[in-house]
Amino acid sequence: MVVRAGYDIIGNTSSSVSGPAGGLTLDLGQAWNFIGYAVTLTAKGAAVRFPETRDMRFAALLGAGPTITLGRLALVRRGLMDLRLGYDFLWAPTRRYAEDGTLIETPNLTPHGPRVHINMGLVTRPGKQRRFFRAIGLSVSYQALVGTFTGELPVSHILGFGLFYWLG
């Protein structure tokens, strides 16, 4: 299990999508000696705007996806260097406003794309024999939103920084 709390910056190369996001990510799975797997749940609040249209924005990213990890190989003496690769399927409630400020009915976006997390931290109480290892530290992540199942969202990028708690 890995819990991450973080801050994300969302954007793309053409500046047609931009804004911050923040929230929690939870990985639930099993870690063997050489590999691990998990289901990743994501809940982030966002203030992402589409500057070209100036009237469209989304306020959250919610979703899940599969993840593979280094498992217990990530443990390095008193530290941890964990690489996690996955793919997320997200839901973003979208709002669009008219010139007079009234809400226009708009389909919600359903972006999806690959992600990578690198968690670096210290193992708590490394000298004791334990069934589970615990670690805390810093997390850096990158995710590409390569498309949507509904609506239009250009290819976008999410760069994230945060803190994590690791139990494995």
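Trainee: Leaving aside neighbours within four places in sequence, which residues is Thr40 in contact with?
Mentor: Thr40 is in contact (heavy atoms within 4.5 Å) with Arg4, Thr25, Leu26, Asp27, Gly63, Ala64, Gly65, Thr67, Asp88 and Arg115. This is a predicted model, in which local features need pLDDT of at least 70 and side-chain atom pairs pLDDT 80 or more, while totals for chains, interfaces and linings use all residues. Residues are numbered from 1 along each chain as its sequence is written, and side-chain values use heavy atoms, leaving out hydrogens and water.

Trainee: Where does Thr40 sit, and is it buried or exposed?
Mentor: Thr40 belongs to strand S3, residues 36–49 (a DSSP run of E, at least two residues, numbered from the N terminus), and it is buried, with a relative accessible area of 0% (buried is under 20%, with a 1.4 Å probe and protein chains only).

Trainee: Which side chains does the Thr40 side chain make polar contacts with?
Mentor: The Thr40 side chain reaches Asp27's side chain at 2.7 Å and that of Thr67 at 2.5 Å, both being polar contacts (N or O pairs within 3.5 Å, one able to donate a hydrogen and the other to accept it).

Trainee: Switching topic, which residues lie nearest the centre of the largest pocket?
Mentor: Of the 16 residues lining the largest pocket, those nearest its centre are Gly29, Gln30, Ala31, Leu167 and Gly168.

Trainee: And which strands supply the lining?
Mentor: Strand S2 (18–31), S3 and strand S12 (156–167) each supply at least two lining residues, with the largest share, four residues, coming from S2. A pocket is an open set of points on a 1 Å grid where a 1.4 Å probe fits, with protein on both sides within 12 Å along at least five of seven lines, and lining residues have an atom within 4 Å of a point.

Note on methods: Buried means under 20% relative accessible area, exposed over 50%, partly exposed in between (1.4 Å probe, protein chains only).
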